[in-house]
Amino acid sequence: MTIGEALKQIRHELYLTQEQMCAGVVTRSFYAKVESGRNRISADKLTEILFEHDIDITYFYQLLRNTYSSQSKLKDEPGF
C-alpha cells in the first residue's frame, strides 16, 4: 500500500472528507493528488496530518510495510 492509499484508507475509517483530512495543512486539490499517487507529500506535512487526527504513526507505517520494505528483509520477519 502506498502513502496515498494508506491516507485514503484511514480517512475512510475516520469518516472524513478530503477537505477535513487536510484542513490547515495542504490544499484539498494537492491532498487529492497525494491520495491518487500523482503528488508526493513531505514528511513534515504528512506528520502534521497524522498528528492532527491522532492517527497512530505505527499503525500508519504498518500499512506501508509491504510496499516500502525490501523483500529480503520481510522474509526474515516472523509470519511472512
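This is a predicted model: local features need pLDDT of at least 70, side-chain atom pairs count only at pLDDT 80 or more; totals for chains, interfaces and linings use all residues.
Local features need pLDDT of at least 70 and side-chain atom pairs count only at pLDDT 80 or more, whereas totals for chains, interfaces and linings use all residues. Residues are numbered from 1 along each chain as its sequence is written, and side-chain values use heavy atoms, with hydrogens and water left out.

Trainee: In what order do the elements of the chain run from the N terminus on?
Mentor: Helices (H or I, at least four residues) and strands (E, at least two) are DSSP runs, numbered from the N terminus. The chain has six helices and zero strands. From the N terminus on, the order is therefore α-α-α-α-α-α.

Trainee: What percentage of the residues of the chain count as buried?
Mentor: A residue is buried under 20% relative accessible area, exposed over 50% and partly exposed in between, with a 1.4 Å probe and protein chains only. The chain has 80 residues. Of these, the buried ones make up 29%.

Trainee: Which helices do the buried residues of H1 pack against?
Mentor: In H1, the buried residues are Gly 4, Ala 6, Leu 7, Ile 10 and Arg 11. They lie on the same side of H1 because they cover an arc of only 160° around the axis, the arc being that of the directions from the helix axis to the C-beta atoms. With contact meaning heavy atoms within 4.5 Å, the buried residues of H1 pack against H2, helix H3 (28-35), H4 and H5.

Trainee: Why do the buried residues of H3 lie on the same side of that helix, and which helices do they pack against?
Mentor: The buried residues of H3 are Tyr 31, Ala 32, Val 34 and Glu 35. Because they cover an arc of only 155° around the axis, they are placed on the same side of H3. The helices that they pack against are H1, H2 and H4.

Trainee: Is Gln 18 buried or exposed?
Mentor: Gln 18 lies in helix H2. Leaving aside its neighbours within four places in sequence, Gln 18 is in contact with Arg 11, Arg 28, Tyr 31, Ala 32 and Glu 35. Its relative accessibility is 18%, so Gln 18 counts as buried.

Trainee: How are H4 and H5 oriented to each other?
Mentor: Axes are lines fitted to C-alpha atoms, for helices over the stretch in contact, and angles run from 0 to 180 degrees between N-to-C directions. H4 and H5 pack at an angle of about 125°, with their axes 10 Å apart. Angles under 35 degrees count as roughly parallel, over 145 as roughly antiparallel, 65 to 115 as roughly perpendicular and the rest as oblique. H4 and H5 are therefore oblique.

Trainee: Where is Asp 54 found, and is it buried or exposed?
Mentor: Asp 54 has a positive phi of about 50° although it is not a glycine. Most residues other than glycine have a negative phi. Asp 54 is found in the loop between helix H4 (43-52) and helix H5 (57-68). With a relative accessible area of 72%, Asp 54 is exposed.

Trainee: What is the phi of Tyr 15?
Mentor: Tyr 15 lies in the loop between helix H1 (3-13) and helix H2 (18-22). Tyr 15 is exposed, with a relative accessible area of 75%. Its phi is positive, in a residue other than glycine, and is near 55°.
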